Amino acid sequence: MIKKIVIGVLLLSTWAFRTYAQKTETRLFKIEAFVDKLALGYELPFTQVVLLDVTGGICGTVDVTGDGRFNYYFWKFNPFVRGELRFYVNKRRRMARGRTMVNNTGSFVGIQSKLFFGRGGYDASLCNEVHFGQQISIDDKFFFRYHIGLLGVALNLSEKRYKASYPSLGFSFGYVF
């Protein structure tokens, strides 16, 4: 019975999001790359100003230690999955001014959760952060995105008492399929 309810809710919510998503928003299947990561992702608009970005791939490794330190190793690659909810703060104004909306261009406030899988002697970690960023269209197929934030919390999933706070900074180049 619970299985049927869960499936029903998922189907209903999928239908509602597809029905009520604004036509000015773009669904993007993309590949992203930067110095420390390579990922595939999908951007799904919920409304004119709210977007869900789901991504998975490989990137550097996170290590949260018992003394509250957050270590990031750029060249020790580890699989990850990320979900980010973005609220575009200037989308309506950009549309009113006739600016480009290609590749979901705009300034946003984001809430992101990123799960790093434990591998190579490192424990699995979950990083949650709030940040401000921009997605800038380079042309019809390429974009650049960056974000910066002061509120990030990392949790070691093996030793749940190991937590660390950190500032967040991220850069990414993307290609849209």
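Phe34, Phe144, Tyr146, Phe171 and Phe173 form one aromatic cluster. The structure is a predicted model, in which local features need pLDDT of at least 70 and side-chain atom pairs count only at pLDDT 80 or more, while totals for chains, interfaces and linings use all residues. Residues are numbered from 1 along each chain as its sequence is written, and side-chain values use heavy atoms, with hydrogens and water left out.

**Aromatic pairs**

- A pair of aromatic rings is described by the distance of the centres and the angle of the planes.
- The count comes to 13 aromatic pairs, where rings of Phe, Tyr and Trp (its six-membered ring) pair if their centres lie within 6.5 Å, and planes under 30 degrees apart count as stacked, over 60 as edge-to-face and the rest as tilted.
- One of these pairs, Phe29 with Phe177, is tilted, at 5.2 Å centre to centre and 35° between the planes.
- Phe29 belongs to strand S1 (residues 28-34) and Phe177 to the segment after S8, so this pair ties together parts that are 148 residues apart in sequence; strands (E, at least two residues) are DSSP runs, numbered from the N terminus.
- Phe29 is partly exposed at 41% relative accessibility, whereas Phe177 is exposed at 51%; buried means under 20% relative accessible area, exposed over 50%, and partly exposed in between (1.4 Å probe, protein chains only).
- Trp75 and Phe77 form an edge-to-face pair, because their ring centres are 6.1 Å apart and their planes stand at 85°.
- Of these two residues, Trp75 is exposed at 60%, and Phe77 is partly exposed at 34%.

**Charges over rings**

- The charged end of Lys76 sits over the ring of Tyr73, 4.8 Å from its centre; the rule requires NZ of Lys or CZ of Arg within 6 Å of the ring centre and within 35 degrees of the ring normal.
- Arg86 lies over the face of Phe108, at 5.0 Å from the ring centre.

**The largest pocket**

- The largest pocket has a volume of about 560 Å³; a pocket is an open set of points on a 1 Å grid where a 1.4 Å probe fits, with protein on both sides within 12 Å along at least five of seven lines, and the volume is the space filled by probe spheres set on the points.
- Its lining has 23 residues, and the closest to the centre are Asp36, Tyr72, Lys114, Leu169 and Gly170; lining residues have an atom within 4 Å of a point.
- Strands S4 (70-88), S5 (106-116), S6 (125-137), S7 (142-156) and S8 (163-176) each give two or more residues to this lining.
- The largest share, 7 residues, comes from S8.

Notes
Helix = DSSP H or I, 4+ residues; strand = E, 2+ residues; numbered from the N terminus.
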